[in-house]
Amino acid sequence: IGVAISDVTLSGTAEAVALDSTLSANSSDIVLSASSERSIGSAAMGANVGGSAGITGSISLISREDAVRAGVDGSTLTAGDSILVEALAEATLGATGGGGEGLLSAIGAPTVSLAGGGSVGIGASVTVITSAATVEAEVTGDSALTANGTAADGGVSGHMREGQTLDGHWYHGVAVVADSATALNALSVGATAAGSVAISVQVPVLTVEDSVTAQIAGGRADSAADISVLAGNASTLRVFSLLAQGSGAVSGGADVEVLNLAKTTSALVEDADLVAAEDIAIGAVAAEEIETTSASLSAGATAAVSGVVQVMKGENETSAVLSGGTAEAGGGLDIDATSVRTIDQLGVNGTFGLYAAIGGQVFYMLAEDRVIAEIADGTAADHAELDIEGDVAITAGSDLEIDNTVVSGGAGAVAISASVLVVKTEQEVAARIGEYASLTGRSADSILVEADQDILHSASVGNISGGGAAIGAAILQLSGGNQLP
């Protein structure tokens, strides 16, 4: 009997805050920057060979919880050129888990367990990765920010997200920027070999719960150049899960995968007075890439049973909002919320038994998106007032691309196999100017209000069964509840 366990738990807080302060930099910039960067690797592997019985298991666990905040609260800041309030978080989490009997005995890893078994072999592998980040860049408490824009270098160095890429960017004026990037990588491999009975079980579980907020709430911001309030939230999940089991009599394997993503990305200006000599930008960008490969192969001289079950749920809310207050710009006003998601799934299952082969796969996916760009509703007495010299653009966009491939096969005197794929998408994309919002004073060159939704879905489901008696099924169900008001 051998068991390997790897457990990593990390939690941290990073803050850069001006609280009830008066700061002046008459000939330079003011920068409040908080950041967190993590790179974590965890591995647990078990391998067994022997002559009688062997049981092995591995557990690989990673848990990360970070809070990053850059803020101005109840303070007055005056800069000769520019003011930057920036909060950044980045994490790469990787885990390797494998429990093997016979076939994986030669693999080296930080943790290895060895046992013996030739009649009965049992292997189990569990990989759990959990990531939760709260990233905030905020100006609150009736703070007053003034960027005089007098420096010759034309700004302060910060960051701006473009899809999955976080680029360096020069800001000239007042910038409030929050960004999170999370990458989760899970490799799970299990193999069982025995003379009589071989059983393998594998369970990868991945969870991402990231919240990103960039906001100016109350107070005033004056800039001799631009005012930018930007939030970015990117995530990448890659899962490779492989099970293989073989015996002289009965073999069985099960791969059960759970992926859960719940992300919030918000850029908000609320009840604040903004004055920019050039442009005002309020933007929220969410980007997501998911790639999974799942395979289970089982062979037995008498009977073989194997299956793959994957449940994936993604829930994203992305918003860019101007609510109340006043906004005056010598250039344009841009309010934009964008969500870009790519999901690629591959599932393969094979069972081969001389007398009986039973196998199947069930994949369930729920993809939910809410993308909002707006000037929020007000009342006759309390509403947003805009005085814009250039163009006004309020845009919301959602781009979802899904590629599913699920294939099963079985061969034996009696062969039963099935492939089931269920995908449901629920999307709401809206761009709007709310009630009572007013455009006074100077007239904007143009006003654009645009909501765009793009879904590209490719799905392939197949099943092959062969034998004296063969039963097979391939089931595909696609549904969508999408709104584009």
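These legends describe close-up views of one predicted model.

The model is predicted: local features need pLDDT of at least 70, side-chain atom pairs count only at pLDDT 80 or more, and totals for chains, interfaces and linings use all residues. Numbering starts from 1 along each chain as its sequence is written, and side-chain values use heavy atoms, with hydrogens and water left out.

**View 1**
Strands (E, at least two residues) and helices (H or I, at least four) are DSSP runs, numbered from the N terminus. The chain has 485 residues, and 52% of them are buried. Buried means under 20% relative accessible area, exposed means over 50%, and partly exposed lies in between (1.4 Å probe, protein chains only). Among contacts between residues at least 6 apart in sequence, 87% join residues at least 24 apart. A contact means heavy atoms within 4.5 Å.

**View 2. Eight strands form an open sheet with parallel pairing.**
The order is S2-S5-S9-S14-S17-S20-S23-S26. Strand S2 (22–25) and strand S26 (438–439) stand at the edges; each has a single partner strand, so one side of each is left without a neighbour in the sheet. Two strands pair if DSSP finds at least two bridges between them. Strand S23 (residues 385–388) runs parallel to S26, joined by two bridges. Leucine 386 has leucine 439 in S26 as its bridge partner.

**View 3. S10 and S11 form a hairpin with two residues between them.**
The two strands pair in the antiparallel sense over seven bridges. Glycine 158 stands opposite histidine 169 in S11. In the turn, glycine 163 has a positive phi of about 65°.

**View 4. The largest pocket has a volume of about 480 Å³.**
Pockets are found on a 1 Å grid over the protein atoms alone: a pocket is an open set of points where a 1.4 Å probe fits, with protein on both sides within 12 Å along at least five of seven lines. Lining residues have an atom within 4 Å of a point. Grid points are joined across faces, edges and corners, and a volume is the space filled by probe spheres set on the points. Of the 31 lining residues, the closest to the centre are Met160, Arg161, Leu230, Gly283 and Val285. Strands S10 (156–162), S11 (165–171), S12 (173–194), S15 (226–247), S18 (280–300) and S21 (333–353) each supply at least two lining residues. By class, the lining has 16 nonpolar, eight polar and seven charged residues. Ala, Val, Leu, Ile, Met, Phe, Trp, Tyr, Cys and Pro count as nonpolar; Asp, Glu, Lys and Arg count as charged; the others, Gly among them, count as polar.

**View 5. The second largest pocket has a volume of about 280 Å³.**
It is lined by 20 residues, of which Ala89, Glu90, Arg161, Leu166 and Ala181 are the closest to its centre. Strand S3 (30–48), strand S6 (83–101), S10, S12 and S15 each supply at least two residues of this lining. Seven lining residues are nonpolar, nine polar and four charged.

**View 6. Arginine 64 is buried in the model, with a relative accessible area of 1%.**
Its place is in strand S4 (residues 53–73). The arginine 64 side chain makes polar contacts with the side chains of aspartate 66 (2.9 Å) and serine 131 (2.8 Å). A polar contact is a pair of N or O atoms within 3.5 Å; within protein, one must be able to donate a hydrogen and the other to accept it, and residues adjacent in sequence count only if both atoms are side-chain atoms. Leaving aside neighbours within four places in sequence, arginine 64 is in contact with residues including Arg38, Glu90, Thr182 and Asp210.

**View 7. Alanine 272 and aspartate 271 lie in the loop between S16 and S17.**
Alanine 272 is buried, with a relative accessible area of 0%. Aspartate 271 is partly exposed, at 42%. Phi of aspartate 271 is near 50°, a positive value in a residue other than glycine. Alanine 272 and glycine 324 are 52 residues apart in sequence, yet 7.2 Å apart in space, C-alpha to C-alpha.
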